[in-house]
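Visitor: I would like to learn how to read a protein model. Please show me one and take me through its features.

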Amino acid sequence: MNCMWCETEDIRESVKDCYWIMPDGRLAVQILEIPAIECANCRTYVLESTAQQIEETLYWHDVSGLGTTFRYEDLLKAPRVKNMFLK
């Protein structure tokens, strides 16, 4: 696998703590230990597919019980919101 930015092969799997704005735009949360790529040239970044998964999970899952700082694994375990308008 190569770095998506500089295409070097000098990368490794890592984790990154990030701040994310909730879908309603009123609150930022800190998500810990997000899977990431560490590049010697570009530093550490989250892949687009992981960022998309986080966005969708924050939108479709009830994270109100997690507080403002939580781990990525806890986010993925949050219960899905049941939306009556999707039927």
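Visitor: Is Trp5 buried or exposed?

Guide: Buried means under 20% relative accessible area, exposed over 50%, and partly exposed in between, with a 1.4 Å probe and protein chains only. Trp5 has 59% relative accessibility, so Trp5 counts as exposed. Keep in mind that this is a predicted model: local features need pLDDT of at least 70, side-chain atom pairs count only at pLDDT 80 or more, and totals for chains, interfaces and linings use all residues. Residues are numbered from 1 along each chain as its sequence is written, and side-chain values use heavy atoms, with hydrogens and water left out.

Visitor: How do I read a pair of aromatic rings?

Guide: Two values describe such a pair: the distance of the centres and the angle of the planes. Rings of Phe, Tyr and Trp (its six-membered ring) pair if their centres lie within 6.5 Å. Planes under 30 degrees apart count as stacked, over 60 as edge-to-face, and the rest as tilted.

Visitor: How many aromatic pairs does the whole structure hold?

Guide: The search finds 2. One is Trp5 with Tyr45, edge-to-face, at 6.4 Å centre to centre and 80° between the planes. Trp5 lies in the segment before E1 and Tyr45 in strand E3 (residues 43–45), so the pair ties together parts that are 40 residues apart in sequence. The rings of Tyr59 and Trp60 have centres 4.9 Å apart and planes at 85°, so this pair is edge-to-face too.

Visitor: How accessible are Tyr45, Tyr59 and Trp60?

Guide: Tyr45 is buried, at 9% relative accessible area. Tyr59 is exposed, at 53%. Trp60 is partly exposed, at 25%.

Visitor: What elements make up the chain?

Guide: Helices (H or I, at least four residues) and strands (E, at least two) are DSSP runs, numbered from the N terminus. This chain has 2 helices and 4 strands. Their order from the N terminus is β-β-β-α-β-α.

Visitor: How do I check the length of a helix?

Guide: The expected span is 1.5 Å times one less than the number of residues. Helix H1 (residues 48–60) has 13 residues. From first C-alpha to last, H1 reaches 18 Å, close to the 18 Å expected.

Visitor: Which residues of H1 are buried?

Guide: Thr50, Ala51, Ile54, Thr57 and Leu58 are buried. They cover an arc of only 125° around the axis, which puts them on the same side of H1. The arc is that of the directions from the helix axis to the C-beta atoms. On the other side of H1, Glu48, Ser49 and Tyr59 are exposed.

Visitor: What do the buried residues of H1 pack against?

Guide: A contact means heavy atoms within 4.5 Å. The partners are strand E1 (11–21), strand E2 (28–39), strand E4 (69–71) and helix H2 (72–77).

Visitor: How many disulfides are there?

Guide: A disulfide is a pair of cysteine sulfur atoms within 2.5 Å. The count here is 0. The sulfur of Cys3 is 3.7 Å from the closest cysteine sulfur, in Cys39, too far for a bond. Cys42 is in no disulfide either, since the nearest cysteine sulfur, that of Cys6, is 3.7 Å away. Cys3 is buried, at 2% relative accessibility, while Cys42 is partly exposed, at 29%.

Visitor: What share of the chain is buried?

Guide: Buried residues make up 31% of the 87 residues.
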